Amino acid sequence: MRALLYDAFGTQPHLETVPDPDPDPDGVVVVVGASGVCRSDWHGWMGHDPDITLPHVPGHELAGTVVAVGSQVGSFRVGDRVTVPFVAGCGRCEACRAGDQQVCHAQFQPGFTHWGSFAQYVALGYADHNLVRLPDTLDFATAASLGCRFATSFRAVAQQGRVSGGEWVAVHGCGGVGLSAIMIAHALGARVVAVDIDDTKLEFARSLGAEVNVNGQVTADVPAAIHDATDGGAHLSVDALGHPLTLLNSILGLRRRGRHVQVGLLLAGHARPPVPMDRVIGWELELLGSHGMAAHTYPGMLGLIRSGQLDPAALIGQRIGLEGAAEALIGMDAFTGTGVTVIDRF
């Protein structure tokens, strides 16, 4: 099969012909219909993820068709159209038994712990516990985004963030995760403040439901602007970028007893940033992490997509072939372009 592979962190990835994968006894092989290009893939390429073993094929947002099934798989067959969360739980550990596969002790992560979906085929473990059947009406390019950015945002806003209709939600960063969070919060009846440093992305955010835009590059005090716009601060705030400044602004932009959800990755030198604990304690703020979304909770999100209340297809900004994946991966940290980039030609 053709795959995009890198032999060392931070070096030019290259297309190569490698052996087709075989399924593990508890796994399947999927012919990839589409794969998103995510900033988490960039972090992996930079060497920020300790689970990656070189040489490596990135890619963790995927959808496709099952073409081979392991001997222990009971729930899926060749020909099934599927996606998978980027964190796949083993189904046996304490976290999985509690329904929290997204924090599994022995998680399988395509594109990180194993070779990923920047390839014609991808092998996926723990299939019975994690594969999600796709409605025939959902195309692969749209479905690919559900494995990471959209599903992660749905969990962050609806499950971890516990958003309610009429609440103010501030979203810091209008990349794929942030735009997804804006769409989801708006669909669930919240009022949304979008924060970014790019006016084009902020205008796109407005088209998805943002009521207030704050440009952090020209606004001297972002938390104060949020407090002014929301008459007291956001009830829920999401750092969708992952930077010490957006983390700080997110927390300080909350109203009393507000909830901050950290979705954007803070890695390498940013892994342990300062946190304004005086504000957290004095205002009784909640600080929450959000890491993917368990497969068994997908039906609620898919139902909103089928009903038309959510439209993840609107977030697709660029469709590319596998030949363009190296350039797209390397350029992820430049934050150019609007919306989600999807590989749909292999």
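Tyr6 is buried, at 0% relative accessible area. The model is a predicted one.

**Aromatic pairs**

Tyr6 belongs to one of 2 aromatic pairs. Its partner is Phe9. The planes of the two rings stand at 55°, so this pair is tilted. Phe9 is partly exposed, with a relative accessibility of 32%.

Phe108 and Tyr126 form an aromatic pair too, and this pair is edge-to-face. Both of these residues are buried. Phe108 lies in the loop between helix H2 (94–97) and strand S6 (121–124). Tyr126 lies in the loop between S6 and helix H3 (127–130). The pair therefore ties together parts that are 18 residues apart in sequence.

| Pair | Centre to centre | Angle between planes | Class |
|---|---|---|---|
| Tyr6 and Phe9 | 6.3 Å | 55° | tilted |
| Phe108 and Tyr126 | 6.4 Å | 70° | edge-to-face |

**A charge over a ring**

Arg279 places its charged end over the ring of Trp283. The distance to the ring centre is 4.0 Å.

**Helix packing**

Helix H5 spans residues 149–160, and helix H6 spans residues 176–187. Their axes come within 8 Å of each other. They cross at roughly 50°, which makes H5 oblique to H6. The crossing is right-handed.

Which residues make the contact? From H5 come Arg149, Phe150, Ser153, Phe154 and Val157. H6 contributes Gly176, Val177, Ser180, Ala181, Met183, Ile184 and Ala185.

Definitions and conventions: Residues are numbered from 1 along each chain as its sequence is written. This is a predicted model: local features need pLDDT of at least 70, side-chain atom pairs count only at pLDDT 80 or more; totals for chains, interfaces and linings use all residues. Side-chain values use heavy atoms; hydrogens and water are left out. Rings of Phe, Tyr and Trp (its six-membered ring) pair if their centres lie within 6.5 Å; planes under 30 degrees apart count as stacked, over 60 as edge-to-face and the rest as tilted. Buried means under 20% relative accessible area, exposed over 50%, partly exposed in between (1.4 Å probe, protein chains only). Helices (H or I, at least four residues) and strands (E, at least two) are DSSP runs, numbered from the N terminus. A charge sits over a ring if NZ of Lys or CZ of Arg is within 6 Å of the ring centre and within 35 degrees of the ring normal. Axes are lines fitted to C-alpha atoms, for helices over the stretch in contact, and angles run from 0 to 180 degrees between N-to-C directions. Angles under 35 degrees count as roughly parallel, over 145 as roughly antiparallel, 65 to 115 as roughly perpendicular and the rest as oblique. A crossing is left-handed if the near helix is turned anticlockwise from the far one by less than a right angle, and right-handed if clockwise. Contact means heavy atoms within 4.5 Å.
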